[in-house]
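Colleague: I would like to go through the labels on this model one at a time. Please give the value and the cut-off behind each.

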Amino acid sequence: MRKATRGMRIFQAFNIVFLGLVGCITIIPVVNVWAKSFSGASAILNGKVFLWPIEFTLSNYEYVIHNDTIWRAFMISVL
């Protein structure tokens, strides 16, 4: 194989930095929603939650599991 030229190394370094930034921009909102789903309502309303759950709780998931409207909408989507 050919030896990598200076231009190729610069291009590869740019690609690594650019794709790393795109990856962070894509992943951070997903992690934020995940952290909020496991956090208490007061922590969310006070803006304390960013990437890690505060006041850990499963009450949000309990609400979804016991809410018939959400299950009906889910079944409509599946059908």
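Modeller: In this predicted model, α4 gives the most to the nonpolar patch, with 4 residues. Both α3 (59–66) and α4 (68–78) supply at least two residues of that patch. Its members include W71 and F74, and the accessible area of the patch is about 1,000 Å² together.

Colleague: Why does F74 count as partly exposed?

Modeller: F74, in helix α4, has 44% relative accessibility. Buried means under 20% and exposed over 50%, so F74 falls in between and is partly exposed. W71, with a relative accessible area of 42%, is partly exposed.

Colleague: What makes N67 buried?

Modeller: Its relative accessible area is 15%. The cut-off for buried is under 20%, so N67 is buried. N67 sits in the loop between α3 and α4, and a polar atom of its side chain lies 2.9 Å from the backbone nitrogen of T69.

Colleague: How many aromatic pairs does the structure hold?

Modeller: The structure holds 6 aromatic pairs. One of them is F14 with F18: the ring centres are 6.0 Å apart and the planes are at 10°. Centres within 6.5 Å make a pair and planes under 30 degrees apart count as stacked, so F14 and F18 are stacked. These two are 4 residues apart in helix α1 (residues 6–37), separated by about one helical turn.

Colleague: Why is the pair of W71 and F74 called edge-to-face?

Modeller: The planes of W71 and F74 are at 90°. Over 60 counts as edge-to-face, so that label applies to W71 and F74.

How values were computed
Residues numbered from 1 in each chain as written. Predicted model: local features only at pLDDT ≥ 70, side-chain atom pairs only at ≥ 80, totals over all residues. Heavy atoms only, no water. Patch = residues over 30% accessible without salt bridge, like charges linked within 9 Å, V, L, I, M, F, W, Y side chains within 5 Å. Areas by Shrake-Rupley, 256 points an atom, 1.4 Å probe, with all protein chains shown as cover. Salt bridge = Lys/Arg side-chain N within 4 Å of Asp/Glu carboxyl O. Buried < 20%, exposed > 50% of the residue type's maximum accessible area, 1.4 Å probe, protein only. Polar contact = N/O pair within 3.5 Å; in protein donor to acceptor, adjacent residues only side chain to side chain.
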